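Me: I would like to learn how to read a protein model. Please take me through it feature by feature.

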Amino acid sequence: MTKTTMDPSQSQSEKMTFSVLTSSAPIMAPRLGKLALTGRKTLSTPHYIPLTSRGTVPHIAHDMLRKETALNSLYIGLEDLGFRQLPAHQYLDSIRSLKPDIAIGLADIVYGREPGVKRRAKMVDRTHAFTQDALERLYGRSVADGQKSTTTAYFAPVLPLDNAQQSLYLDDLQDELKSHVSGLALYESSSLAQIPESLGALPRLLLSQPGGPHDLLRDVSLGGDLLTLPFVGECSDAGIALDFTFPVASDVNAKANGSASQPKALGIDLWSADTAKDVSALSEGCQCYACRKHHRAYFNHLLNAKEMAAWALLQMHNYHVMDVFFAGVRESIQRGTFEEDVLSFNHVYVSELPQRTGEGPRLRGYQLQAGPHKRGPRVYGRLDDVSQKFAESQSSVATPDTDASGLEHHGFAKKV
Amino acid sequence: MSADPQLKAMPSALTLHHHAKCSTTKARASTLDLPHGSVPLPIFMPVATQASLKGLTYDQLRDTGCMLCLNNTYHLGLKPGQEVLDAVGGAHKLQGWDRNLLTDSGGFQMVSLLKLATVTEEGVRFLSPHDGSPMLLTPEHSISLQNSIGSDIIMQLDDVIATTSPDHARIKEAMERSVRWLDRCIDAHKNPETQNLFCIIQGGLDLELRKQCCAEMVARDTPGIAIGGLSGGEAKEEFCKVVDTCTGLLPEHKPRYVMGVGYPEDIVVAVALGADMFDCVWPTRTARFGNAIVSAGTINLRNSSYANDFSPIEEGCTCKCCRPTDQGGLGLTKAYMHHVTAKETVGAHLLTVHNVHYMLTLMGAARQAIIEDRYPAFIRKFFSDIYEGDKTKYPEWAVGALRGVGMDLLED
C-alpha cells in the first residue's frame, strides 16, 4: 500500500474526490465544494442528503422521485434493514456486501443525556478502536488487493465532545488513519470548530438536528458541506408546506423593510381552514410538481380526508424548496454575499417553523426512527407491530366530523 | 309503480361506439366518448373515494392508462363539502384530474356506513353522528352535490338494500322507489348536457322485479344504465343470473355498468354476460395489505418466501414497477416489494400502481380478444392460469354462467 500525497484543497479515495472550490479558510467559514463519486452525478456542496426509511424517501414513490424531484443521494440507516445488536465486524461485512458510496464509521454516542467523564473517555476509546479496526479491515495491508473496499468512501465520526477529550483520536485521524478516511461525520454543529486544519480538505457530513433553515445557515457558515434535514419530513407529515427562499427574494425583502412589517412565516399550515378554498400554489411561483399540479385547497382536503397523497406531494414540494434553498446558498457563497444574505434572511423570516396543528400519517416504520443522530433504544419486533397496525387500519374515514348544521351547510342533507 | 311517468327527452353527454360483439358470448367491445376523453369498454374503474387514489399522483394514475375513475359523492359531500366544491370549480379542479370521473350517488355508503339510516319516500333519514339531530338526504341533494362535483357520469340515488334480504316486500318497495327517485333525479339534474345520469336497476335477486325495473328505467332513457344492489355477498350464481337477465333487456347502444364488482374472475365472466363497466375498491385496498394481483391470482408480498425472490411481481407485466429499467420501468423485485410493503407508504403506492395497471391491462386484453372474436379462448386461458389448468377446481358458478351464454369453459 502506498500513501497518497494529497493536495491540501482536495481529498480523494479511488471512489471519491472532494474539491473545495472556495479559497477562504477551510475551517469555520462557508465553503463551496464538489463531491464526485465514480459513476455518480457530482454533488455541489453545501448540499443536503435526504433521509430515508427502509431505503425509501418517505411517501415519494420511486417513479415520482426519479421523474419529478432532483434528489440524487440518499442516507440509509443500516438498522432499517433489520434492527438488532450489530457486532462491529458485521457492520463491516455489511459495508462490503452493500457497497455504499459512502459509509459512516461506527461511533460510540450517548443519546438523551450528557455522558459523564468516564463515559466520555470510553466513547473516545471505542470510537478510536472502531475506526482503526474498520479502516484496517476495509482497506488495510492485511486485505488482499482485490478484496479492498475501494468502492466505498469511509467517513470517520467526530464525537460530540470537545477537542481536548478526543485529541488522541483526532491526532490519529490526521496521521496514521488519514490515508483511508475520505470524510468526516459530525454529530453536532459545534464539532465543526474542532476539525484540525490538516483535515480541512475532507468533506463534512453533519448529522445534527437543525430546527429549520436558520440552523442550516449557521451550519453552512461554520463550514458544513453535507447536511441532513429531519425537519423536512416532519413538516410534510404535519401538513406544512415550506415557504422560504435564500437569499430572500427582492420583493419579499422590500416588503420586510417597509414599516411595521411582520416577520414572514417559514411555512404554510395546510390544515388551516383558511386554505380550504384557496386555489393558489403552495408557494408563489414554485415550480415543483405539487405546485404545478395542485393548489392549497386540495392539500387541505387531502389532509382532512387523511389521504396519503398529501404527504407524497408535500415531500416533493418541501424537498424542492430545499433544492432551491441550497442552490441559493451556493450562489451566495460564490458571490461573497453569504454573510449579509444570512442577516437579511434572519431579519425577514421568523426563526421557528410553524407549529404542527393537525394529525400526521398513521404510525409507520420510519416514524419510529428519530433520524441518524438519535438512535435511541429500539425494541425487537417493533416494525412488525407497526405493519400490523397498518394492515388492520381501515381504508377511509366515513364518519362525518361535523354536526347537523355543518352537514346542511355542506349540501349533504337537510335537518328535518 | 308509477303508471305513466312524465318522460322528458334526456340529453346525453356521451357517445358509445361499438367495435365488435363476441360471436359466442354476449361480450361487447366499444369506445365510450365522455366529456373528458374516450374510454375503451369493457373497463375497470379504480376508486379514488375521496378525490385521491390512495397516495398515487394523478400522473401515476395516467401512466396506468386509466381514463375514468370514481369519486364518492357521500365522501365528497362530507369533505370538502359542496361550498368548497363550488368555490374550487368542481372535483376535476379540486384534484387536478383532467380525465373522466364517475360519482356514486352516496346511497350505498349512507346505508352501509351510517348506523340508524332509514329510507323513507322522501329520502334517507339518519341521525347526525355528532349531535344526533335527525337529517334527511334526498335524491335532489345527491344530484345537486354531483352537479357541484361536475363528474362526467353521475348516479341516481337509489334505495339500496342487501340482495340477501329475505324481505321480498321490502325488495319490491326498494325497486319501485328507486324508479320514483330516478324521476326526481332526472328533474333535479341541472347539467344533462355535460354530465351523464345513469339509472340503477334494482330488484334484488328476483328476476321478475329486475325485469320490471329494466322496463321502467329503460323507458326513462338515461344516457347509461347501471345494475345495482349486487356485490353484497349474494351467491355468484345469483349475481350472474341478474346480470344476464338485465343485459338481455337493455338497449345495445347504452353503456352497462355493474356496480361494485369486483374480482378479476367476476369481471371476466360479467363481460361475457354483456356488461361493460366495473368498479371495485378491492384491487387498491388489497394492495395496501401487500397483495399483488397476478395472472395466477393474488400473492401476498409480506410472505417471507419473497424475501430473496429477485423476479418481478409478475413476469412480463408492463406496469411501472415490474417493467425492467432498460424499458423505462423501475425493475422492482418481489424481494424489494417484500422489504417495503405494508411498512412504507411507498410500498402501498407501488403495489397500487401494479394492481390498477393489472386490472386495466386485463380489461384491455379482454377487449382485444372480443375485437378479434376469441373471447371464449381468452376466458379459458384466464381460468387455466388461475387454477393451473386443473379444471376440477374451476368455480361452478363461472362454468354455469358461461354455459348460459353459449360457452363451455371446460372445453379444451
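Predicted model: local features only at pLDDT ≥ 70, side-chain atom pairs only at ≥ 80, totals over all residues.

Me: Into which domains is chain A divided?

Reply: Domain bounds come from an automatic or database domain assignment. For chain A this assignment gives domain 1 (1-228) and domain 2 (242-358). Their centres, taken over C-alpha atoms, are 30 Å apart.

Me: How many residues of domain 1 of chain A are in contact with domain 2 of chain A?

Reply: Contact means heavy atoms within 4.5 Å. Domain 1 of chain A brings 29 residues to the contact, and domain 2 of chain A brings 26 residues.

Me: What area do domain 1 and domain 2 of chain A bury between them?

Reply: Buried area is the accessible area (1.4 Å probe) that two parts lose on being put together, summed over both. For these two domains of chain A it is about 2300 Å², with 77% of it on carbon and sulfur atoms. On the side of domain 1 of chain A, Y48(A), H214(A) and L217(A) supply 28% of the buried area, more than any other three residues.

Me: Where do the domains of chain B lie, and what area do they bury?

Reply: In chain B, domain 1 covers 15-280 and domain 2 covers 286-390. The distance between their centres, over C-alpha atoms, is 27 Å. The contact takes 36 residues from domain 1 of chain B and 23 residues from domain 2 of chain B. Together the two domains of chain B bury about 2500 Å², 77% of it on carbon and sulfur atoms. T64(B), E265(B) and V268(B) lose the most area in domain 1 of chain B, together 23% of what that side buries.

Me: At what angle do helix 10 and helix 13 of chain B pack?

Reply: Two packed helices are described by the angle between their axes and the distance between the axes. Helices (H or I, at least four residues) and strands (E, at least two) are DSSP runs, numbered from the N terminus. Axes are lines fitted to C-alpha atoms, for helices over the stretch in contact, and angles run from 0 to 180 degrees between N-to-C directions. Helix 10 (residues 264-272) of chain B packs on helix 13 (residues 345-371) of chain B at about 25°, with the axes 11 Å apart.

Me: How is that angle put into words?

Reply: Angles under 35 degrees count as roughly parallel, over 145 as roughly antiparallel, 65 to 115 as roughly perpendicular and the rest as oblique. Helix 10 and helix 13 of chain B are therefore roughly parallel to each other. In this contact, P264(B), I267(B), V268(B) and V271(B) of helix 10 of chain B meet M359(B), L362(B), M363(B) and I370(B) of helix 13 of chain B. Sorted by class, there are 8 nonpolar residues, no polar and no charged ones; Ala, Val, Leu, Ile, Met, Phe, Trp, Tyr, Cys and Pro count as nonpolar, Asp, Glu, Lys and Arg as charged, and the others, Gly among them, as polar.

Me: What is the angle between helix 10 and helix 11 of chain A?

Reply: Helix 10 (residues 309-335) and helix 11 (residues 338-348) of chain A pack at about 135°, and their axes are 8 Å apart. These two helices of chain A are therefore oblique to each other. Helix 10 of chain A contributes F325(A), V329(A), S332(A), I333(A) and R335(A), while helix 11 of chain A contributes F338(A), D341(A) and F345(A). By class this contact has 5 nonpolar, 1 polar and 2 charged residues.

Me: Which peptide bonds are cis?

Reply: One of them joins T45(A) and P46(A), with omega about 5°. P46(A) sits in the loop between strand 4 (43-45) and strand 5 (47-48) of chain A. Another runs from V261(B) to G262(B), with omega near 0°.

Methods. Residues numbered from 1 in each chain as written. Chains lettered and ligands numbered in written order. Heavy atoms only, no water.
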